[in-house]
Amino acid sequence: MDKQEFTEILQSKFKIVRTEAGYTQDAMSHTIGLSKKTLVQIEKERILPNWTTCVSLCALFRDSEVLTNIFGGDPLELTQVLSRGSAIYPNYDKENVYWETLESNNGYKMEFNKTNSIYRVLNANNQPVHASYIEREIRTYFERKSNR
């Protein structure tokens, strides 16, 4: 697959990804950084999204089942390979300095980032599974997942 084919596939799935995420055209255009008019043109397959828009879609909606199924895995990983020739995986061990563990239960951890004020929940494999600026949202998610 090359960038052109990748872009054409994303163009044909833009609306499906938006509706899967429950976004209106206004919300999606704001999130991706497009005008609503441009988004409508992409969804009607009148214009191709540019590369930056494709990367934004894959980064912001990397949890999309539609994108995962179409590309056979993490869409952001594929964008890195198409752009850079390889995928680079961050070393999360260096993050410990920024994150403070607020609670732990049944293998789950709720953490707070002291630099950017994001809360997140990690699973038993120490992988982030949910993040938000809203503490109440994270606490609810943490309690539900950790059976508190």
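The protein is divided into domain 1 (3-83) and domain 2 (99-147), with bounds that come from an automatic or database domain assignment. This is a predicted model, in which local features need pLDDT of at least 70 and side-chain atom pairs count only at pLDDT 80 or more, whereas totals for chains, interfaces and linings use all residues. Residues are numbered from 1 along each chain as its sequence is written, and side-chain values use heavy atoms, with hydrogens and water left out.

The C-alpha centres of domain 1 and domain 2 lie 28 Å apart, and the C-alpha atoms of the protein fill a box of roughly 50 × 35 × 25 Å along the principal axes. The protein has seven helices and four strands, these being DSSP runs numbered from the N terminus (helices H or I, at least four residues; strands E, at least two). Along the sequence they follow the pattern α-α-α-α-α-α-β-β-β-β-α.

The four strands make an open sheet in the order E1-E2-E3-E4, with antiparallel pairing, where two strands pair if DSSP finds at least two bridges between them. Its edge strands, each pairing on one side only, are E1 (99-105) and E4 (128-132). Neighbouring strands of this sheet are turned by 20° against each other on average, direction ignored; axes are lines fitted to C-alpha atoms, for helices over the stretch in contact, and angles run from 0 to 180 degrees between N-to-C directions.

Strand E1 is joined to the antiparallel strand E2 (residues 108-113) by six bridges. Glutamate 103 has methionine 110 of E2 as its bridge partner, while asparagine 105 stands opposite tyrosine 108. E1 and E2 form a hairpin with two residues between them, and asparagine 106 in the turn has a positive phi of about 50°. Helix H7 (residues 135-145) lies across E1, E2, E3 (119-122) and E4, running at about 155° to E4, with contact meaning heavy atoms within 4.5 Å.

The largest pocket holds about 970 Å³ of space, a volume being the space filled by probe spheres set on grid points that are joined across faces, edges and corners. On a 1 Å grid over the protein atoms alone, a pocket is an open set of points where a 1.4 Å probe fits, with protein on both sides within 12 Å along at least five of seven lines, and lining residues have an atom within 4 Å of a point. Of its 25 lining residues, Ala59, Arg62, Asp63, Pro128 and Ala131 lie nearest the centre. Helix H4 (51-60), helix H6 (75-84) and E4 each supply at least two residues of this lining. Because domain 1 and domain 2 both give residues to the lining, the largest pocket lies between them.
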